[in-house]
Amino acid sequence: MKTEITSFSSSFFEYLCGFVWFDQDKLEALMKRYPIGATEEGESIFWHINAENKITNGHIITMDNEIGKVYDDSWYYQDGRPTCMFGEHLLGAFPSQTVALVTDELTAAVMSCFPTPYVWLATGKEQTTPTDLFPLVGKTVVVFPNKGEYNKWQEMLQAVPNLQFHLSDVMENVQGDCHTIAQMVLSQQHLRPTEEEAALMRMEDANPNIALLVKALNLEVVGVSSIDEDAMKPISKSEVKSEPPPQIEDDEAMKSFLMAQEKRWHGRNPECHKCSRSHEGINGTYCDELHQYVEYGKGDCGR
């Protein structure tokens, strides 16, 4: 099987590129922390590198590059050779830093891109043994079990001598379909707009009322075409046909539009629509002060 030791041409990186948070700098920094490769088919290979900076194995993940769902996995070496934890090579570089331990490599890689006080490691396998965690002895460890695996981790960690650990139950309290802490965090991230959504955003920036019109009439951008250069050429006054402006036939339609306009600007502050820290986005009203979309009556940022 032909592989590349490091490659951005994998389904994993394509998936991350769908989020606004993962810009080029973050992705390059991620690759420096954990060399991640790819197969000819675009499958991601999460290399397990030990304290001597030697590759012990590679976990091959087959996943959907749009929704991040993992369909299958296999190992680069199939001869049963001993492996190590994913990210174990970072322990020497950050000897005093608290370790965050998770099950799968994808979670560790994703979470390392967010500002946390941890160095992220993964066991890379569901059936972890106390022996697998011996390199963490003497370090402070925070473990983030996947949803439904809290008790299993608690029993296993107590069998590791001299290990200072805290077992987080954050995933046990999460509602919905999120199974890992990375899925929970990514579910709160803004998706990178499609070409159609970006075009609509540019129109909104030019004229904020466009967003209100799109909402009021339930319109949808179905395609983007390039500008016709001939249409952009200046025309003479003699070519311009003077026509009377269209008349609004139904005053009720205008009233409905204006009411929708006021309702769209959420927040308790009646002057919120004049605030320079808020703007209409494709998914609703976005508050630059709160850094999130706000719902009606919940957008008061104190300004």
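Residues are numbered from 1 along each chain as its sequence is written, and side-chain values use heavy atoms, with hydrogens and water left out. Helices (H or I, at least four residues) and strands (E, at least two) are DSSP runs numbered from the N terminus.

Phe114 is buried, with a relative accessible area of 12%, where buried means under 20% relative accessible area, exposed over 50% and partly exposed in between (1.4 Å probe, protein chains only). When neighbours within four places in sequence are left aside, Phe114 is in contact (heavy atoms within 4.5 Å) with Trp21, Phe22, Val185 and Gln189. The C-alpha atoms of Phe114 and Val185 are separated by 9.4 Å, although these residues are 71 residues apart along the chain.

Glu149 is placed in the loop between strand S8 (140-143) and helix H4 (150-157), and, apart from neighbours within four places in sequence, Glu149 is in contact with Thr103, Glu126, Glu172 and His179.

The protein chain averages a pLDDT (the predictor's confidence in each residue, from 0 to 100) of 78, and 65% of the residues score at least 70. Over residues 231-240 the pLDDT is below 50, and this stretch has 2 contacts in the model beyond near neighbours in sequence. Where pLDDT is low, the predicted coordinates should not be read in detail.

Terms used: Predicted model: local features only at pLDDT ≥ 70, side-chain atom pairs only at ≥ 80, totals over all residues.
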